[in-house]
Amino acid sequence: MAKIANRIILFILLTALTQLGGLAYIATLGVARVLRLGSVLARLSLFLAFYMGVTYAATFIAPHFGRVALSCFAKPADHLVVRSPLYCALNRNYVTPGLVRMAEGLAEHMDTRFPGTVTVALDANFPFIDGFPLLPHLSHADGRKLDLAFYYRDGEDRFLNGVTRSPIGYFAFEQPNSTDKQPCAGRHDWLTTRWDLAWLQPFFPVYGIEPERMRAAVAWLAETGVAEYGVEKVFFEPHLTDALGVAAPAVRFQGCRAARHDDHIHVQIH
């Protein structure tokens, strides 16, 4: 019974983390049993082979279900890149064709406005099934959501092209000042993904957001993005909205139970 329980738990974890990992695990168990593979190394190798296979196949199958993969293999001329191959390895890089056009439109605008600027994409969605959660996000479940990294500068005000404070683009927060809007101050919700992660912050480099590029990107999303690409919402923390002067109907606070958005920009389209 313990072996069956462990296998069920592992199947659930692999499915929750990658959507397709559970299928690769089931295939591994079946083939390993037929071939009588007993060693851990043999089973692990078989799993990796199946997982790479279904992940690769998903890039061809997903478009038939309305989603396409953002490439993790950027070319030197690309102005829209995915932050890490990890996102593709975990199948977290899928969006609708309309969202691809929006992201490429933003990246082209930023390159035109600030030549050579790279726009960095973070979490998107899994390849299949509307409503399948992309943990820990609350809404990345239909191909219409994409997170974008901040644009940063170093301590000498030099733009850091394609660089993020965090290796994965998340959790390096821009802390508000005591006089800034803090709509969640004083709340202690137990059911929330609004993690402050104070213990983690000292490990990140001391970069600041590059205000001109940040202002230009959010303004484009709230204006051209809304008018021409169907942008519905741009989640951004109120203290950054005020600091950059980018208040607009589409630029919203996501609420106190959702993750903080002073480490990335969340964009969703209709």
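**Rings, charges and a cavity**

Modeller: Searching the whole structure turns up 8 aromatic pairs. Keep in mind that this is a predicted model, where local features need pLDDT of at least 70, side-chain atom pairs count only at pLDDT 80 or more, and totals for chains, interfaces and linings use all residues. Residues are numbered from 1 along each chain as its sequence is written, and side-chain values use heavy atoms, with hydrogens and water left out.

Colleague: What makes phenylalanine 47 and tyrosine 51 a stacked pair?

Modeller: Rings of Phe, Tyr and Trp (its six-membered ring) pair if their centres lie within 6.5 Å; planes under 30 degrees apart are stacked, over 60 edge-to-face, and the rest tilted. For phenylalanine 47 and tyrosine 51 the values are 5.9 Å centre to centre and 20° between the planes, so the pair is stacked.

Colleague: How far apart are phenylalanine 47 and tyrosine 51 in helix H3?

Modeller: They sit 4 residues apart in helix H3 (residues 40–61), so about one helical turn separates them. Helices here are DSSP runs (H or I, at least four residues), numbered from the N terminus.

Colleague: Are phenylalanine 47 and tyrosine 51 buried or exposed?

Modeller: Buried means under 20% relative accessible area, exposed over 50%, and partly exposed in between (1.4 Å probe, protein chains only). Phenylalanine 47 has 14%, so it's buried, and tyrosine 51 is buried too, at 11%.

Colleague: And why is the pair of tyrosine 56 and phenylalanine 60 called edge-to-face?

Modeller: Their ring centres are 5.1 Å apart and the planes meet at 75°, so edge-to-face it is. Tyrosine 56 and phenylalanine 60 are also in helix H3, 4 residues apart. Tyrosine 56 is exposed at 56%, and phenylalanine 60 is exposed at 52%.

Colleague: What classes of residue line the largest cavity?

Modeller: Its lining has 9 nonpolar, 3 polar and no charged residues. Nonpolar covers Ala, Val, Leu, Ile, Met, Phe, Trp, Tyr, Cys and Pro; charged covers Asp, Glu, Lys and Arg; the others, Gly among them, are polar. Phe159 is one of the lining residues, and so is Gly162.

Note on methods. On a 1 Å grid over the protein atoms alone, a cavity is a set of points where a 1.4 Å probe fits but cannot get out, and a pocket is an open set with protein on both sides within 12 Å along at least five of seven lines; lining residues have an atom within 4 Å of a point. Helices (H or I, at least four residues) and strands (E, at least two) are DSSP runs, numbered from the N terminus.
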